[in-house]
Amino acid sequence: MSVKTMHTQEVKELLEKVAGLNQTGGNERVKTIVHRVMHDVFQIIEDLDITPEEFWNAVYYINDLGKNGEAALLAPGLGMDKYLDIRMDAEDEQAGLAGGTPRTIEGPLYVAGAPVSEGFARMDDGTQDGETMILTGVVTDENGKPLPNTLVEIWHADLKGGYSYFDKSQSEYNLRRSILTDAEGRYTAQSIIPSGYGCPPEGSTQALLNQLGRHGRRPAHIHYFVSQPGYKHLTTQINLAGDEYTYDDFAFATREELVCDAVRIEDAAAAEQYGLNKPFT
Ligand code: MBD
Ligand code: FE
């Protein structure tokens, strides 16, 4: 049995009081947002005939989500981070700021304060014998002019798909480094090829994904922040080609332009060809 109450005077007045519209204190923006959010929640309950049981399930779900610290993991799983990116791309397009390496989502696993070095960093602590990975590139401005002294922050998962800090078994800042580009705008990092990430199988995010018939996996990827005063901050990732999930990412972060083939380097001549003639540790 469905009932219509949404547009009665009683509900209209309830919503106004809920959002403090009849109060002088508080923050107008917050009032506007809460008024709209609660209006839409009420509307959903009416339109979908949400039962009290379904409603309280949702409330306890949010409780668990918070206890698990997974709100910022559920968000990309529901496409919210990607949606914000779509909006920022559109904004850049409008402002004539499109072009260059595309952005993609940050994800919930960045940690500030990683060790900073100039030109080169080794990122792994040597405790896992993964395949050595060399990341190198040049940061340029929109005209292709190299930008020295630009901060390139890189972070990625280990062989088990876990990130230091969140995975307490890893050493501090393992697989997290900040590199300032050299005089030619170049950075180089030595690390190990990461594995893909999977949502905690017993967590709240995976529980909802299960209800949607979805997996909670990301392809192997490497996160970047690139920043330089006076320039737009870039948040992006490398998504490794050939991963089962490269084009099936639960967080919708993969973009065609960000999919990279790893090139296997077997000898000194090949290393030279890629400009990797510096001694690595
Ligand atoms: C990750 O490692 C990640 O990058 C994103 C976007 C979401 C969850 C885990
Ligand atoms: Fe990640």
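Donors here are N, O and S atoms within 2.8 Å of the metal. I'm working from a predicted model, and I noted that water is not among the atoms, so sites may look incomplete.

**Iron site**

Next I looked up the atoms: the protein donors are Tyr163 through OH, His221 through NE2 and His223 through NE2, lying 2.0 Å from the iron ion. I checked burial too, and both Tyr163 and His223 are buried.

**Glu70**

Which side chain of opposite charge is nearest to Glu70? I found Arg214, but it is 12 Å away. A salt bridge needs a side-chain nitrogen of Lys or Arg within 4 Å of a carboxyl oxygen, and Glu70 has none, although it is buried. I placed Glu70 in the loop between helix 3 (52–67) and helix 4 (71–77). Setting aside neighbours within four places in sequence, I listed its contacts as Leu65, Pro200, Gly203, Ser204 and Thr205.

I traced an open sheet of three strands in the order 2-6-3, with mixed pairing. Strand 2 (120–122) and strand 3 (132–138) each have a single partner strand and stand at the edges, so one side of each is left without a neighbour in the sheet. Neighbouring strands here are turned by 10° against each other on average, ignoring direction.

Then I followed one pairing residue by residue. Strand 3 and strand 6 (residues 186–192) run antiparallel to each other over seven bridges. Thr132 stands opposite Ile192 of strand 6, and Met133 has Ser191 as its bridge partner there.

Which residues of strand 3 make up its covered face? I got Met133, Leu135 and Gly137, while Thr132, Ile134, Thr136 and Val138 make up the uncovered one.

Asn149 has one, at about 60°, and I found Asn149 in the loop between strand 3 and strand 4. Tyr173 also has a positive phi, near 60°, and sits in the loop between strand 4 and strand 5.

Notes. Residues numbered from 1 in each chain as written. Chains lettered and ligands numbered in written order. Predicted model: local features only at pLDDT ≥ 70, side-chain atom pairs only at ≥ 80, totals over all residues. Heavy atoms only, no water. Donors = N, O, S within 2.8 Å, 3.2 Å for Na, K, Ca; no water. Buried < 20%, exposed > 50% of the residue type's maximum accessible area, 1.4 Å probe, protein only. Helix = DSSP H or I, 4+ residues; strand = E, 2+ residues; numbered from the N terminus. Lys, Arg positive; Asp, Glu negative; His and termini not counted. Contact = heavy atoms within 4.5 Å. Pairing = 2+ DSSP bridges. Axes fitted to C-alpha atoms, helices over the stretch in contact; angles between N-to-C directions.
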